[in-house]
Amino acid sequence: MQKFTIIFFLLSLICYVVPISCKHKTLQNQKQEPLYESYERKLIHENNKSGIADTAGAIIIPCIYDSIASDLYSSYSYFPYYKVKQNGKWGIVSNDNMEIIPCLYDNIYDFDYSTAWRQEPPYIEYFVDDIALVERHGKWGMRNKDNVAVLPCEYEAIFTDNVNLFYEGLAAVKKDNLWGFVNKKGEPVISFSYESVGKKTLRGFMYTFSGGLAVVKKNGKWGAIDKHGEEKVPFIYDDMYSWNDKELFTGVKKDDKWGYIDKSGNSAIPLVYEQVKWLEKNMYAVKKTGNG
């Protein structure tokens with residue numbers, strides 16, 4: 001008869017491991033949220049077009065748009081920018097009716113803070129680090145608040161966890177079915193060599209680069225690279241977790257067994273466990289099938 005033994009141990013340098021699947025969010029198949037009116041500013045309509053007015057009736061955004069996007073939680077009064085649709089294409093205007101990005105795009109990405117740490121509206125943003133993600137003809141790119149193309153619309157996907165774009169100054173972008181990394185100027189930094197990027201830490205936070213390393217997949221196996229694209233953990237693992245900047249170790253899986261390694265790929269705890277997980281501060285558990 002098999003028994004499962006839970007071993008508790010104290011190790012201040014090791015963080016938790018929970019084998020959970022990684023489902024990162026890339027810029028594909030976004031749906032537009034329904035529109036809701038606010039008290040201070042409200043959505044108005046004229047001749048089947050939409051605009052924004054204040055409660056005194058003063059027109060803020062004229063009724064020239066097919067649609068003005070909002071979210072489920074924030075009123076129009078909180079938005080520094082509005083995502084607007086005209087002639088079937090999306091753009092961005094400021095809340096004082098200055099055109100920021102013209103209506104030329106099939107989609108503009110919503111950075112969604114409603115499930116993140118933000119406690120006050122707006123819960124939808126269109127710029128992160130002054131950069132918006134725009135889609136045209138099925139390809140994604142980046143434009144800044146001056147409507148300058150930081151990255152042309154040539155990429156199949158751009159990695160984001162809903163609210164972050166650049167991790168330690170680098171963004172992951174996908175081209176020809178492979179992932180690489182660019183900096184905030186849109187300059188390529190790490191070549192397009194990886195089948196997958198972005199993994200959760202042992203506590204469940206999603207990262208590409210964190211603690212100086214990115215966990216990436218190559219030739220069907222997981223490993224880690226530094227910000228120069230140099231291999232730091234060999235590509236030999238069936239699964240693994242990302243680090244955060246305070247963790248020296250992370251969990252890795254090989255031949256259906258879990259263990260810990262450090263940032264150089266050295267074994268910290270051997271890969272002999274069915275499961276290793278974080279319980280609470282400095283307290284961890286390992287699970288191993290035993291006999292007798």
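Strands β14 (residues 139-144) and β15 (residues 149-155) pair in the antiparallel sense over 3 bridges, where strands are DSSP runs (E) of at least two residues, numbered from the N terminus, and two strands pair if DSSP finds at least two bridges between them. The hairpin that β14 and β15 form has 4 residues between the strands, and N147 takes a positive phi near 60° in this hairpin.

Two sentences on conventions belong here. Because the model is predicted, local features need pLDDT of at least 70 and side-chain atom pairs count only at pLDDT 80 or more, whereas totals for chains, interfaces and linings use all residues. Residues are numbered from 1 along each chain as its sequence is written, and side-chain values use heavy atoms, with hydrogens and water left out.

The nonpolar interior comes next. In soluble globular proteins, nonpolar side chains tend to be buried together. A nonpolar core is a set of buried Ala, Val, Leu, Ile, Met, Phe, Trp, Tyr and Cys residues joined through side-chain atoms within 4.5 Å, and buried means under 20% relative accessible area, with a 1.4 Å probe and protein chains only. The largest such core has 24 residues, and Y82, I92, Y126 and F127 are those with the most contacts inside it. Two or more residues come to this core from each of β5 (59-65), β7 (81-86), β8 (89-94), β9 (99-105) and β13 (131-136), and β9 gives the most, with 4 residues. Leaving aside neighbours within four places in sequence, I92 is in contact (heavy atoms within 4.5 Å) with residues including Y82, I101, Y126, F127 and A132. A second, separate core of 18 residues includes F111, Y113, L133 and V182.

D112 lies in strand β11 (residues 111-112). This aspartate counts as buried because its relative accessibility is 18%, and, apart from neighbours within four places in sequence, D112 is in contact with Y123, I124, N162 and V163.

The loop between β27 and β28 contains N244, which counts as buried because its relative accessibility is 12%. The C-alpha atoms of N244 and T201 are separated by 6.6 Å, although these residues are 43 residues apart along the chain.

Terms used
Buried means under 20% relative accessible area, exposed over 50%, partly exposed in between (1.4 Å probe, protein chains only).
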